[in-house]
Amino acid sequence: MGEGVWVRGFGWRHAGRRGWAVRGVELRVERGEKVLLLGASGAGKSTLLAALAGLLPEDSGEHEGSIEIDGRPVDEARDRVGIVFQDPQSQLVMARSGDDVAFGLENRGVPAGQIWPRVDEALHRVGFPYHRDRSTAALSGGEQQRLALAGVLALRPGLLLLDEPTANLDPAGAALIRAALTRAVDADTTLILVEHRVAEALPLVDRVVVLEPGGGVRADGPPEAVFAAHGDALAAEGVWVPGREIPPRRAAGPAGEVLLTAEQLGQPPRLAATDLTVRAGEALAVLGPNGVGKSTLALLLGGLLRPGTGRLAASPELAGTDSRTAPHRWRAPVLTRRIGSVFQNPEHQFVTGTVFDELALGPRRTGASESAVHDRVTELLSRLRLDRLAAANPYTLSGGEARRLSVATALATAPRLLICDEPTFGQDRRTWRELVDLLADLRDAGHGLVTITHDADFVAALADRTLALAPPDTGPARP
Amino acid sequence: MITLEPIARPGAPLARRNPVAKLAAAMLFAFPLMATLDPVTPAIAIAVELAVLPLFGVHPGLLARRAWPLLAAGGGILVTLVLFAADRSGRVLLDAGPVVVTSGVLVTALGLVLRLFAVALPGVIVFATTDPTDLADALVQNARAPARFAIGALAAFRLVPLLGQEWQMITMARRARGVEAGRNPVARLRLFVSTAFTLLVGAIRRGTRLAVAMDARGFDSGMPRTFARRQRFVTADWLLVVGATATAGAALAVSVALGVFRPLVG
């Protein structure tokens with residue numbers, strides 16, 4: 001009995017799965033404690049958070065053990081718990097910001113007279129900079145996530161759960177959320193946070209709990225003690241343990257011949273006119289704030305979008321006999337042998353029903369023989385640790401697996417130039433290192449590489465040259 | 001691009017009536033019009049609809065842009081009927097080989113197009129002048145619609161504009177994979193189906209995540225909800241509903257008085 005969270009021998013198995021998502025968890029969190037929940041991918045962190053929020057319906061799986069919140073079983077204590085998820089887009093319900101915060105208060109039957117004062121107070125607590133009539137669609141990702149936090153805080157939860165709230169945000173947006181949390185979470189609120197990027201989460205917490213992938217709790221205590229004892233193992237499993245440098249991979253030699261030349265290339269109003277050259281054997285990183293048109297530039301360089309202004313020329317080195325036509329006019333099977341593109345959302349690029357077919361698609365389209373296709377796919381599968389998943393459906397992969405697969409599909413046709421849009425977004429340390437090594441090997445083998453990224457560590461580890469896009473002077477003011 | 005925002009000038013006397021009243025008025029005005037096949041009744045109705053446009057604060061040009069699918073359907077019906085209708089009665093107006101246009105055909109076709117416009121325009125006007133949030137609020141508060149349905153639909157509705165952007169993204173992502181239909185119609189159809197499938201998978205995932213986030217904020221708590229935004233149904237709203245019904249009745253009466261009334265049944 002008593003206040004706080006008490007998890008006793010808790011386990012959960014999703015209906016139709018053989019293994020337990022989480023099992024044998026013993027955890028006591030006192031009121032007002034701030035806990036960082038860690039563990040390798042698949043250790044069951046998100047499942048445990050969903051259980052604490054009372055969001056695992058009885059009929060969707062099998063459970064064991066029990067969870068009590070403030071002395072009540074979790075199903076009866078849902079009004080005491082608030083949860084913020086990763087994706088801001090799918091958390092906002094209403095068209096106007098204030099209405100969205102009011103949504104939870106209406107659901108809980110708060111009298112109409114108290115709703116708007118509580119909405120204003122919650123918006124103020126998270127530092128929401130606009131009037132409550134502001135359209136939720138006009139907010140940046142970081143602002144939307146702040147609003148989602150306000151919607152949860154307005155309900156005055158005793159237990160606040162955060163499931164990687166900054167994973168889908170650029171660094172500026174993530175900083176906004178951390179500032180809002182520091183400002184808004186008071187001493188009485190219990191906080192349980194799941195976050196890969198440990199260094200950024202540490203200022204918010206005073207205790208670290210590590211889940212063991214097979215079940216149970218591996219470590220529990222103050223951050224320094226936990227990392228001193230388990231830091232190396234955690235880093236190897238993919239947790240971003242602070243203070244562990246990753247050696248950079250610079251180009252061994254000078255950059256090679258020019259592959260693409262852009263002159264005043266642009267797409268008003270999304271991208272202002274830009275000049276650049278892309279070379280073989282060189283990793284170019286394109287940087288710049290949100291909304292400056294980086295992703296649009298990636299689509300233009302990838303030959304996927306007709307340029308709005310200026311022109312993009314491919315050198316004979318890249319285009320062979322097609323060097324007189326612009327890449328966006330090349331036929332798709334030809335394009336994919338010359339320029340590969342990796343999209344921000346891997347699922348956009350999946351076309352077939354299995355991982356094997358997904359990797360075989362490109363080579364088959366470009367007319368390779370079936371035995372050559374088989375060899376190429378087998379090599380890529382083992383290279384990217386996907387061999388055991390060859391028969392799996394691409395849509396069932398985890399975030400890290402889907403990312404590795406989407407990079408591998410682009411490599412399958414061995415394009416001379418590879419364009420990646422935020423390849424390291426939300427990845428754990430292990431996948432991150434594999435991506436850096438893979439892309440560095442590609443560059444060292446003489447391929448060109450353009451990466452759109454917000455990730456400063458990635459730039460430090462790999463980029464040979466950077467291009468920072470600046471917001472256009474005469475462009476439309478960002479709302 | 002799909003636009004969902006209302007296009008009314010805020011404060012126009014009829015645009016700011018209760019959304020449920022506007023919806024009821026539109027239905028009670030449109031349904032009686034279907035009782036007759038003559039062209040006079042819908043013509044009167046369209047005249048009334050255009051006459052009240054300023055009271056809804058809608059510029060006719062903007063409305064035409066919003067209602068272009070309706071205009072296209074009207075044109076299609078006119079052409080199809082004039083060219084292919086079996087009924088060839090009346091005076092021959094045009095005889096150009098296989099194409100014979102008679103006065104009987106023209107009257108029937110015009111009548112049908114007028115009916116289409118007369119019945120559809122009230123709905124177009126109501127949705128063009130109503131904020132979706134207000135509509136959901138009014139449905140729950142004044143028409144006793146279940147909140148689970150009305151607010152749930154509102155939340156799903158907010159995700160609709162994302163689908164267009166998503167479609168473009170998926171198409172480009174496929175081109176990058178070497179998948180492109182070119183000019184082959186069969187390949188085009190297959191690509192369309194598989195793009196739609198990818199879009200659907202993404203939409204279902206996003207919808208599921210949204211539903212969980214809504215329940216996490218107590219949407220499924222089963223408690224009686226309170227209302228942050230009050231929608232009132234006042235005398236003026238009743239007057240709008242009654243006025244719309246009476247006008248439709250008057251249009252039918254004029255048609256009967258002129259002797260052109262042709263009942264749909266009988």
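1. In chain B, the C-alpha centres of domain 1 and domain 2 are 33 Å apart. The model is predicted, and the points below should be read with that in mind. The domain assignment gives domain 1 of chain B as 19-139 + 233-257 and domain 2 of chain B as 146-216.

2. Secondary structure in chain B amounts to 10 helices and two strands. Their order along the sequence is α-α-α-α-β-β-α-α-α-α-α-α. The radius of gyration of chain B is 24 Å, whereas the globule rule gives 18 Å for 266 residues, so chain B is more spread out than a compact globule. Along the principal axes, the C-alpha atoms of chain B fill a box of roughly 65 × 60 × 35 Å.

3. Of the 266 residues in chain B, 32% are buried. Taking contacts in chain B between residues at least 6 apart in sequence, 80% join residues at least 24 apart.

4. The contact between the two chains draws 36 residues from chain B and 53 residues from chain A. Which elements of chain B give two or more residues to the side that touches chain A? They are helix 6 (132-142), helix 7 (147-158), helix 8 (160-176) and helix 9 (185-216) of chain B. Helix 9 of chain B supplies the largest share, 11 residues. By class, this side of chain B is made up of 19 nonpolar, seven polar and 10 charged residues.

5. Chain A is likewise assigned two domains: domain 1 (5-237) and domain 2 (258-351 + 410-468). Their centres, taken over C-alpha atoms, are separated by 36 Å. The contact between them uses 10 residues from domain 1 of chain A and seven residues from domain 2 of chain A. On the domain 1 side, helix 5 (171-184) and helix 7 (223-237) of chain A are the elements that give two or more residues. That side divides into four nonpolar, four polar and two charged residues.

6. An unreviewed UniProt entry carries the annotation "domain: ABC transporter" for residues 5-238 and 253-477 of chain A. In the model, the span 5-238 of chain A is 34% helix and 25% strand, and its end C-alpha atoms lie 28 Å apart.

7. On packing, the largest nonpolar core has 134 residues. Those with the most contacts inside this core are A:L52, A:A150, A:L161 and A:L193. What is A:L193 in contact with, leaving aside its neighbours within four places in sequence? The partners are A:V35, A:L36, A:L37, A:L162, A:A201, A:L204 and A:V205. Another core, of 67 residues, lies apart from the largest one and includes A:L299, A:L301, A:A408 and A:L411. As background, nonpolar side chains in soluble globular proteins tend to be buried together.

Conventions:
Residues are numbered from 1 along each chain as its sequence is written. Chains are lettered from A and ligands numbered from 1 in the order in which they are written. This is a predicted model: local features need pLDDT of at least 70, side-chain atom pairs count only at pLDDT 80 or more; totals for chains, interfaces and linings use all residues. Helices (H or I, at least four residues) and strands (E, at least two) are DSSP runs, numbered from the N terminus. The radius of gyration is taken over C-alpha atoms; the globule rule is 2.2 Å times the number of residues to the power 0.38. A residue is buried if 20 or more other C-beta atoms lie within 10 Å of its own, exposed if 12 or fewer, and partly exposed in between; C-beta atoms are placed from the backbone. Ala, Val, Leu, Ile, Met, Phe, Trp, Tyr, Cys and Pro count as nonpolar, Asp, Glu, Lys and Arg as charged, and the others, Gly among them, as polar. A nonpolar core is a set of buried Ala, Val, Leu, Ile, Met, Phe, Trp, Tyr and Cys residues joined through C-beta atoms within 7 Å. Domain bounds come from an automatic or database domain assignment. UniProt positions are given in the numbering used here, feature names are shortened, and annotations may be inferred rather than shown by experiment.
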